[in-house]
Amino acid sequence: AQRITQGQVDGEINEIALDLEAHSHRTFAGFVCLIQLSIRRPEKNNADSSGPPDISSGYDFLIDALTLRHVIPAHLGSIFANPNIVKVMHGADSDIPWLQRDFGCYIVNLFDTGRASRMLSFPSAGLAYLLRKYAGVDPDKTHQLSDWRRRPLPEDMRAYAVSDTRYLLDIYDRLRVT
């Protein structure tokens with residue numbers, strides 16, 4: 001959070017990619033277990049839409065929402081509510097209410113790649129379609145329904161979680177010029 005806050009103050013961070021993993025099996029409303037954030041490295045903050053995305057230009061963060069639940073509002077709330085930072089999410093319809101309910105965090109200035117896909121009448125609004133189309137990545141969805149309460153998270157679950165946000169800023173760049 002400090003890196004993101006300082007980057008915004010320095011004018012380096014104008015957007016972040018954001019996703020959540022939640023647990024809802026045998027619960028009434030579910031709860032957030034993991035927050036994924038990806039940001040660009042400032043020295044490579046360029047959107048060249050002619051070639052494949054350069055994922056080496058980003059930082060990826062996994063935040064344990066179970067362990068850090070009590071400090072998330074203080075550290076991420078102001079970032080999520082900052083209108084000068086675009087929050088890029090895919091299919092945020094569930095994530096937004098979960099952030100509000102579990103942490104009292106509100107998202108201001110959202111770009112939802114799923115909604116953009118529907119507005120552009122793409123054959124699919126799914127993240128898998130966008131990853132194939134814009135990043136040349138065939139996503140692994142084996143952990144889509146995994147138990148995100150599990151700690152420590154195995155490497156394959158961490159890799160899955162990071163992959164949900166790693167390419168979102170590149171997809172965002174491409175959708176804006178479409």
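**Getting to know a predicted model**

Reader: Is histidine 23 buried or exposed?
Author: Histidine 23 sits in strand E1. Its relative accessible area is 5%, and the cut-off for buried is under 20%. With that value, histidine 23 is therefore buried.

Reader: Let me step back. How many helices and strands does the protein chain have?
Author: From the N terminus on, its elements run α-β-β-β-α-β-α-β-α-α-α-α. Counted by kind, the secondary structure of the chain comes to seven helices and five strands.

Reader: What share of the contacts with a separation of 6 or more comes from residues 24 or more positions apart?
Author: The protein chain has 178 residues, and 45% of them are buried. Looking at its contacts with a separation of 6 or more, the share from residues 24 or more positions apart is 63%.

Reader: Now strand E4. Which residues point the other way from Val86 and Val88?
Author: In a regular strand, side chains alternate between the two faces of the sheet. Strand E4 covers residues 86-89, and its residues are all buried. Val86 and Val88 point one way, and the other way is taken by Lys87 and Met89.

Reader: Which residue in E4 is the bridge partner of isoleucine 16?
Author: E1 and E4 pair in the parallel sense, over three bridges. Isoleucine 16 has its bridge partner in E4, and that partner is lysine 87.

Reader: And which residue in E5 is the bridge partner of methionine 89?
Author: E4 also pairs in the parallel sense with strand E5 (residues 110-112), over three bridges. E4, helix H3 (residues 95-103) and E5 make a right-handed β-α-β unit. For methionine 89, the bridge partner in E5 is aspartate 112.

Reader: What is the phi of asparagine 109?
Author: Asparagine 109 is in the loop between H3 and E5. With a relative accessible area of 32%, this residue is partly exposed. Although asparagine 109 is not a glycine, its phi is positive, at about 70°.

Reader: Is serine 121 buried or exposed?
Author: Serine 121 is in the loop between helix H4 (113-119) and H5, and its phi is positive, near 55°, in a residue other than glycine. Its relative accessible area is 61%, where exposed means over 50%. Serine 121 is therefore exposed.

Reader: How many aromatic pairs are there?
Author: Rings of Phe, Tyr and Trp pair if their centres lie within 6.5 Å. By this rule, the count of aromatic pairs is four.

Reader: Is the pair of phenylalanine 122 and tyrosine 129 stacked, edge-to-face or tilted?
Author: Ring pairs link Phe122, Tyr129 and Tyr134 into a cluster. Phenylalanine 122 is buried at 17% relative accessibility, whereas tyrosine 129 is partly exposed at 22%. Their ring centres are 6.0 Å apart and their planes stand at 55°, so the pair is tilted.

Reader: What is the omega of the cis peptide bond between arginine 151 and proline 152?
Author: Proline 152 is in the loop between H5 and H6. The peptide bond that joins arginine 151 to proline 152 is cis, with an omega of about -10°.

Reader: How far apart are the end C-alpha atoms of helix H6?
Author: Helix H6 has 12 residues, 155-166, and at 1.5 Å a residue they should span 16 Å. The computed distance between the end C-alpha atoms agrees with this expectation, so the value is 16 Å.

Reader: Which residues of H6 are buried?
Author: Serine 163, in helix H6, counts as partly exposed at 26% relative accessibility. What covers the buried residues of H6 includes strands E1, E2 and E3 and helices H5 and H7. Those buried residues are Met157, Tyr160, Ala161, Val162, Asp164 and Thr165.

Methods: Residues numbered from 1 in each chain as written. Predicted model: local features only at pLDDT ≥ 70, side-chain atom pairs only at ≥ 80, totals over all residues. Heavy atoms only, no water. Helix = DSSP H or I, 4+ residues; strand = E, 2+ residues; numbered from the N terminus. Expected span 1.5 Å × (residues − 1). Buried < 20%, exposed > 50% of the residue type's maximum accessible area, 1.4 Å probe, protein only. Contact = heavy atoms within 4.5 Å. Pairing = 2+ DSSP bridges. Right-handed = clockwise from strand over helix to strand, strands pointing away. Phe/Tyr/Trp six-rings, centres within 6.5 Å; stacked < 30°, edge-to-face > 60°.
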